[in-house]
Each structure stands twice: as C-alpha cells, then as structure tokens.
Amino acid sequence: MDIRNFFEKVDYRLTYTNKDSFEIIQDSKMSSIKVNENNFNVYKQEPYLNGFIKKEISTTNEFMLLSLLSFMIGKSNNSILDKQYLNKNNYYLGYSHDINVYGIFIILFVAEYKKDTEFINKDSIHSFIENCNFSMYRNAFITYFWLTENPRSIAKIFSRNLNQFPSIKYKHLIQEIHQINKEDLLSFVEFL
C-alpha cells in the first residue's frame, strides 16, 4: 500500500511511526502505510486532487522554510492553491496540512476536483514564489505562526523529531522567519 491509498480515505487519523511508514486508524482498525519514495507528487482522484511534499529536516531553518512553504501553498487567503488553481476553476476547497516527526516534514495538500485540469507542481510553486510579494507572505506567516504555535507546541514538535534539532528559544525561531528571504525559499524549493 503506498501513500496514494491514504488519500482515498481522507478521514483517517494517523501516527507517524518512522521514516519509512506511518500507521493509520479508521473505525478502530489499524494498518501501516509505506511512505512513497518520491519527495513530491500530485495526483487526481475525484472528488479531490491530492499532493505531498516530503523532506528530511535536520535544522530549525529547514523546519521554518517548510512551514512557510506550507503556509504559502494552502494556509492563507492568497495561497498558491487559491491563485493557481481554485480561483481560476471557481472552486472553494483547498488547503495544506503538515506532519512532522522523526526528522521528516510532510506537507499534504488537497483541493476539490471535478474535471480534468492542471494542478500545481514544483515549477509552478517556484514561479509563484518568484513573482509574489514575498515580504507580505512572510509577514502574514509570522502572524499565523504566533497565533497557531507557542513555545510548548514547538517543543512538542521538536521532541517528536528525536531531538535532532539544537536547543532554540521561541523568540529565536521568530527571528529566523524574519531572516528568510525569497532567494532562500526559491533555492530550497529547487532541491525538493
């Protein structure tokens, strides 16, 4: 069973068990899904288009870059999903969700789908970042991060990553976001 089958049943609750698989629970039944070897994939299965970006992380900077990327893909009103896909197809539902544990960060994204149409890919994400008002997105992400993450939740995330990250204060994480520039994110996306 590969990660595509996970998206067929989007109501699964899941726990990530190691770098190669995670366990899914539905209706009190548990099974394992092997993580797809690809680091980026998008596929169509009505009524949803589904995709994921997977990256092994070892620094807080990589964590922040992926968090910012996930925000830009599907957690804002002007997300990549909105601008490149939902608005032009007159669709509404589209979002991203993060899983990060055991040194792996996975951005899952989903959007409604009713007909054969192009969906976002690595090149379109790169192009979007290149042409966007980057400081607006970064500032919106800082606000989002302050509202959704606190020192305790960050400590919990980092502890699930087998203590791979060095000790860092919450305010220093915020400073890291302020220091991210467009070129950092573009070169990061290029190597996904």
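The model is predicted. The chain has eight helices and seven strands. Of its 192 residues, 49% are buried.

**Overall figures**

- The accessible surface of the protein chain is about 10200 Å². Carbon and sulfur atoms account for 46% of that surface.
- Among contacts with a separation of 6 or more, 65% are between residues 24 or more positions apart.

- Four strands make an open sheet in the order 4-5-7-6, and their pairing is antiparallel.
- Strand 4 and strand 6 (94-101) are the edge strands, and each of them pairs on one side only.
- On average, neighbouring strands of this sheet are turned by 15° against each other, with direction ignored.
- As background, the strands of a sheet pair through backbone hydrogen bonds, in either a parallel or an antiparallel way.

**Strand pairs, one by one**

- Strand 4 (residues 40-45) and strand 5 (residues 48-56) run antiparallel and are joined by six bridges. The two strands form a hairpin, with two residues between them.
- Strand 5 also pairs with strand 7 (residues 104-112), in the antiparallel sense, over nine bridges.
- In strand 5, Ile53 stands opposite Phe40, and in strand 7 the bridge partner of Ile53 is Ile107.
- Strand 6 and strand 7 pair over eight bridges, again in the antiparallel sense. His97 has Leu108 in strand 7 as its bridge partner.

**Helix 2 and the sheet**

- Helix 2 packs on the sheet and touches strand 5, strand 6 and strand 7. The direction of helix 2 makes about 0° with that of strand 7.
- Helix 2 covers residues 60-74.

**Nonpolar cores**

- The largest nonpolar core has 47 residues. Phe63, Leu69, Met72, Ile73 and Ile125 touch the most other members of this core.
- Helix 2 supplies the largest share of this core, nine residues.
- Another core, of six residues, lies apart from the largest one. Its members include Tyr43, Phe52, Ile99 and Ile106.
- Not counting residues up to four places away in sequence, Ile125 touches Phe40, Ile53, Leu69, Ile73, Ile80, Gln84, Ile120 and Val189. Phe40 and Ile53, both in this list, are the residues that stand opposite each other in the sheet.

- The side chain of Thr60 makes a polar contact of 2.7 Å with the side chain of Glu176. Beyond four places in sequence, Thr60 touches Phe158, Phe165, Ile168, Leu173 and Glu176.
- Ser67 also lies in helix 2. Ser67 is buried because its relative accessible area, 7%, falls under the 20% limit.
- A polar atom of the Ser67 side chain lies 2.9 Å from the backbone oxygen of Phe63. Phe63 is also one of the residues that touch the most other members of the largest core.
- Leaving aside neighbours within four places in sequence, Ser67 is in contact with Phe105 and Phe141.

Key
Residues numbered from 1 in each chain as written. Predicted model: local features only at pLDDT ≥ 70, side-chain atom pairs only at ≥ 80, totals over all residues. Heavy atoms only, no water. Buried < 20%, exposed > 50% of the residue type's maximum accessible area, 1.4 Å probe, protein only. Contact = heavy atoms within 4.5 Å. Areas by Shrake-Rupley, 256 points an atom, 1.4 Å probe, with all protein chains shown as cover. Pairing = 2+ DSSP bridges. Polar contact = N/O pair within 3.5 Å; in protein donor to acceptor, adjacent residues only side chain to side chain. Core = buried A, V, L, I, M, F, W, Y, C linked by side-chain atoms within 4.5 Å. Axes fitted to C-alpha atoms, helices over the stretch in contact; angles between N-to-C directions.
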